[in-house]
Every structure is written in C-alpha cells, then in structure tokens.
Amino acid sequence: NGSVTCEWTPSLNEDGKAELTAKIVNGTGDEISHCSLLVMPDNPEKWIDLGLSVLWAAYNVGANSPEDYGGYYAWGGEDIAQVKWGGGARMPTLDNIKELVNNCSFTTGTYNGVRGNYVSGPNGNSIFLPFAGYVSSPGSYRDKGEVGYFWSSTYYELHYIGLSGPNPYFLECDIDGGRWWSCRWPVSGTGPYPDFYLLHNVLYE
C-alpha cells in the first residue's frame, strides 16, 4: 500500500554498549533497510570512550574537572557513583579495572599543575587520574601527589584472625603505571588499619 514503518529496538551490542536498532519495513512487513545507533549518556563531555567495553568518566565523583580530586569516600554497600550521578553511571568492577590496566598506557604527568597519570586507550583517547592519595582518618591525607587510589565495586569476604567482612579491590596508579589490589583488612573491621577513604572514578554502560 506504499506505507513504511520504522521499528526501534533497544539492545546491547557485542561490546556490551547500549544501542538502538531501527528497521524500516514496508506495508507487507518486508524489511527495506536498517541501521544501529549507539546510545550516548546525558552530558557526553563527561564520558570518554577509550576504545574499551565501557565509557570512563572524565573526572571523579565530587569533582568538576579532571585535575579536581573530588570526594574521598569509604567503601560501602551502595554504589556512590549511581547515588551521586544516576543514569547508567556506576563504580567500575575489578574486571573493568583489569581491562583498563591491561589495554591502556599509563604516563605520569601534570594537568593544570596537578600530578597524575594520563591513561590512554587503544583508540588514542585518554583520561587523567590525579594522584590524590587517600584519607586514613578525618583530616589525615596520605600519598597526596604521589599515588592515586580508586575503589572498585568488587570484593571478597575476608576472614582472618577473628576479623571478617568485605575486602574490596581498588586501582592504584603512580609513576610505575596502574595495578589492582585488594585491601588487606575488612574495610568495615577494626584491624590495625583504619577504614580507607579513596576516590571514585566512574564508568557508564
């Protein structure tokens, strides 16, 4: 009858990114054409495509620019990135951090006078991770200007010398590049190390 219809279908592509597929069909239901569009988040300038499976934030939770340290947060049961930014924002998992470390180059430099790592992805785009150190107790800053620490959402249950609790992994970066670690003590425990307060970088999927 000469009419055509456009059918939109949301899905995840093979890289795990959200996309919309448009299929053009004629009046008899035969497909005429189709195309797929990658779904980008709000405020696209906040998100950097490094050529990995997810987008990484251009700056930390609580920050307004790449060199701004942002907030220091204790690791907890809720995803502070989702709470603060909403939408598809979330904390990186250990697998996301491993992908970042294994596929990107880490180069020490300064951004607007702040020391940190430029993390360059396979596609040539980069993010800046400031060496903000950590807070071991209120007002006590450690490793500022020397090391950057960033929480992941991944943890395992640690049971050691009567202590038990979630033992989260985190990204550490300095002049030697990036690597991942787990805390040596439960972050909710009362061992010889007080609770760590680290930064949060964020990704979008």
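Let's start with strand β10 (126-130), which is mostly covered: four of its five residues are buried. Buried here means under 20% relative accessible area, with a 1.4 Å probe and protein chains only. Strands are DSSP runs of E with at least two residues, helices are runs of H or I with at least four, and both are numbered from the N terminus.

Before going on, note that this is a predicted model, where local features need pLDDT of at least 70, side-chain atom pairs count only at pLDDT 80 or more, and totals for chains, interfaces and linings use all residues. Residues are numbered from 1 along each chain as its sequence is written, and side-chain values use heavy atoms, leaving out hydrogens and water.

Who is β10's partner? Strand β9 (residues 114-120) pairs with β10 in the antiparallel sense over five bridges; strands count as paired if DSSP finds at least two bridges between them. One of the bridges joins Ser120 to Ser126.

Now look inside. A nonpolar core is a set of buried Ala, Val, Leu, Ile, Met, Phe, Trp, Tyr and Cys residues joined through side-chain atoms within 4.5 Å. The largest one has 20 residues, and Leu50, Leu100, Phe106 and Leu129 have the most contacts inside it. Elements giving two or more residues to this core are α2 (94-103), β10 and β14 (163-174), with α2 giving the most, three. A second, separate core of eleven residues includes Tyr73, Trp75, Ile80 and Met91.

Finally, pLDDT is the predictor's confidence in each residue, from 0 to 100. The chain's mean is 76.

Notes. Buried means under 20% relative accessible area, exposed over 50%, partly exposed in between (1.4 Å probe, protein chains only).
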